[in-house]
Amino acid sequence: MTETKWSVDEAAIREFSAANNEPAWLLNARLDAFSKAEDLPLPKPDKTKIDKWNFTEFGAHHVQSAPFKSFSELPEAAQAVIGEESSTQNVYVQRNNTPSILNISDELKEAGVIFTDFATAAKEHSEVFQKFFMQQVVKADEHKLTALHAALVNGGVFLYVPKNVEITEPIQAVFIHDDAQAALFNHVVVAADANSKITYVENYISTVKTEQGVANIVTEVIAGDNAQVSYGAVDTLAENVTTYVNRRGITSPNARIDWSLGIMNDGNTVSENVTNLIGDGSFADTKMVVVGRGKQSMNFTTKVVHFGKHTEGYILKHGVMKDEAKSIFNGIGKIEHGASKSNAEQESRVLMLSEKARGDANPILLIDEDDVTAGHAASVGRVDPLQLYYLMSRGITKQEAERLVIHGFLAPVVNNLPIENVKKQLTGVIERKVRQ
Amino acid sequence: MSQSTLTIKDLHVSIDGKEILKGVNLEIKGGEFHAIMGPNGTGKSTLSSAIMGHPKYEVTQGSITLDGEDVLEMEVDERARAGLFLAMQYPSEITGVTNAEFLRSAVNSRREEGDEISLMKFIRQMDNNMDLLEMDQDMAQRYLNEGFSGGEKKRNEILQLMTIEPKIAILDEIDSGLDIDALKVVSKGINKMRSEDFGCLMITHYQRLLNYITPDFVHVMMQGKIVKSGGAELAERLEAEGYDWIKQELGIEDETVQ
């Protein structure tokens, strides 16, 4: 194995932790993970070779950015996803690694909701945060990238919703990447206690070009008994940013997690989205849309693991590949022994728009229990020249015809996204990504 | 608008290297309704596809011009914006794109950016045309041709024709698969287009369509060429006597393209 080139060392980690007044447990977790990172292997996403990808070299572990003071200072792309400013808005804005704006309504505060940036969560909610941070859902020593993440985490949010609290308005986090030197090691914890209900939406927005960037993002969702978490994400990180993004959830009995993911990064991306259905009667639904362009390579693994009885898992992914983009869609439905009466369904579809675009969809069902139902559908194909001919024969330009076909191909996913705001955002983002 | 002329001269067309059209000559002017008739496999649909620019058809010789402009030099969308329209025999199905969205794109492709048709005006116009074609209003919001019955697809082609208002339209077997009631409705839509500014070429096997839309000129196609032309009375004779007398007259044994 070749020696990994690191952009940070142990001293830098200690220094960063001290500067943020982190509790001892977090520093120890960082150092422990860092010591393991060197020897742990990279994850092996099926059918994509990532050993030459850059996950470790970046400009700086953390950069100090001037915080945005108001919505009007935000870049246009961020304003667009937040929408009109209002007093009931719950939104966190992070500029590179610096917490910027945090609006949380009185209503949420009174209900006991915690919504804060990573550093504050570790400092001021140390005890509760420690229970969740890389303990139950994602472990630091799974592989090199999770270890690196635990060692170098430098941003993110913590959202905790107490028992019986139902929040209808989405809670939003916007991560703005506008410094070419910045590396994003964001950690998001969404913990929904019993019978609570929340919608969380995050955006990753690059407004800067970089030569060499790294984003290593881990999300942990913990859905308590009968809790409902709707998790939306629209990622638009720039070309040359290598992204590892791991969004994973676990469910208690009768809990439900809905994922609405739009992965529109322009750089190489490994995305892992796993839901472990632990509790009986729990439910997971993943909807994902992807547009690839340029020469980017992406790998999407979406997995639902059924442990509890009567659990249901649904995966629906549609991707469009333009130019020379490559993508692998792995869908895994796994039903463990004992998870009787469970149902695992998945559908993956990839549309390639050019000769050099590549796509692959691998549906996998792993079933260790007899009394279950499961199904899968997958297709990979090129755009039908006769469809374009038909549209163009009505005067529609080739570009507009392609736009309509792409829009139509993604519509079955986009139209059914449970979060209205994400639906709207994605429609715009897809439009932009397709037009260029 | 003024009268347009579509001129086809000595047109030779191949598909996968096989020559299908072997020198077609035809001129269609605004205000005229032409019908091309002929048995299966004589090149009728190839002619319509070649005029519109279907990707599989290769023009190897001859010319097509619209008001003097070289149609063969134009991309498919440019041909459409220049004033050509083809009601297709097998329209594509496009999932996720509603009929209304598609039609509006087609209308706006003929307008400058910033001068797009207003939504209200568009909907009103579409509603009127759909009423005339006795189409369910919900067809506007259904995905383009997806799950449409054969008859619904044909009506939808004519809805597009009425919305786009081209200078010259080619209707490729618009009557196939229609029952008599549907045929009447579709014919009503086509007849409504009649004006000095609109020329039409109907391609059909059967004289039946011509009972509802009277042609000014009738052409018979065999072996990839137009072998006989006449007025509406030619269609009536074909209906009564079939094609054999033409074959005998011209000494043709096998009318299909060899």
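This is a predicted model: local features need pLDDT of at least 70, side-chain atom pairs count only at pLDDT 80 or more; totals for chains, interfaces and linings use all residues.
For background, most residues other than glycine have a negative phi. Is A:K341 buried, exposed or partly exposed? With 16 other C-beta atoms within 10 Å, A:K341 comes out as partly exposed, because a residue needs 20 or more to be buried and 12 or fewer to be exposed.

B:D16 is not a glycine either, and its phi is positive at about 50 degrees. You'll find B:D16 in a loop of chain B, between β1 (5–15) and β2 (18–29). B:D16 has 8 other C-beta atoms within 10 Å, so this one counts as exposed.

Now let's zoom out to chain A as a whole. How many helices and strands does chain A have? There are 10 helices and 19 strands. If you boxed up its C-alpha atoms along the principal axes, you'd need roughly 65 × 55 × 50 Å. Out of those 436 residues, 56% count as buried. And if you take the contacts in chain A with a separation of 6 or more, 82% of them are between residues 24 or more positions apart.

Next, helix packing. Two packed helices are described by the angle between their axes and the distance between the axes. Take α1 (residues 10–19) and α2 (residues 24–37) of chain A: the angle is about 165 degrees, and the axes are 10 Å apart. Over 145 degrees counts as roughly antiparallel, so that is what α1(A) and α2(A) are to each other. The crossing of α1(A) past α2(A) is right-handed. From α1(A), the contact uses A:E10, A:I13, A:R14 and A:S17, and from α2(A) it uses A:L26, A:L27, A:R30, A:L31 and A:F34. Sort the residues of that contact by class and you get five nonpolar, one polar and three charged.

In chain B, have a look at α3(B) and α5(B). Their axes come within 10 Å and cross at roughly 35 degrees, and α3(B) passes α5(B) in a right-handed crossing. On the α3(B) side we have B:N99, B:L103, B:A106 and B:V107, meeting B:N156, B:Q160, B:T163 and B:I164 of α5(B). That contact has four nonpolar and four polar residues, with no charged ones.

So where do the two chains meet? In chain B, 22 residues are in contact with 20 residues of chain A. The elements of chain B that give two or more residues to that side are α2 (76–82), β7 (94–98), α3 (99–108) and α5 (150–164). By class, the chain B side has 12 nonpolar, seven polar and three charged residues.

Last stop: α8 of chain A, residues 385–392. Six of its eight residues are buried, so α8(A) is largely enclosed by the rest of the structure. The buried ones are A:Q387, A:L388, A:Y389, A:Y390, A:L391 and A:M392. What do they pack against? Their partners are α9 (398–414) of chain A, plus α2 and β7 of chain B.

Definitions and conventions
Residues are numbered from 1 along each chain as its sequence is written. Chains are lettered from A and ligands numbered from 1 in the order in which they are written. Axes are lines fitted to C-alpha atoms, for helices over the stretch in contact, and angles run from 0 to 180 degrees between N-to-C directions. Helices (H or I, at least four residues) and strands (E, at least two) are DSSP runs, numbered from the N terminus. Angles under 35 degrees count as roughly parallel, over 145 as roughly antiparallel, 65 to 115 as roughly perpendicular and the rest as oblique. A crossing is left-handed if the near helix is turned anticlockwise from the far one by less than a right angle, and right-handed if clockwise. Two residues are in contact if their C-beta atoms, placed from the backbone, lie within 7 Å. Ala, Val, Leu, Ile, Met, Phe, Trp, Tyr, Cys and Pro count as nonpolar, Asp, Glu, Lys and Arg as charged, and the others, Gly among them, as polar.
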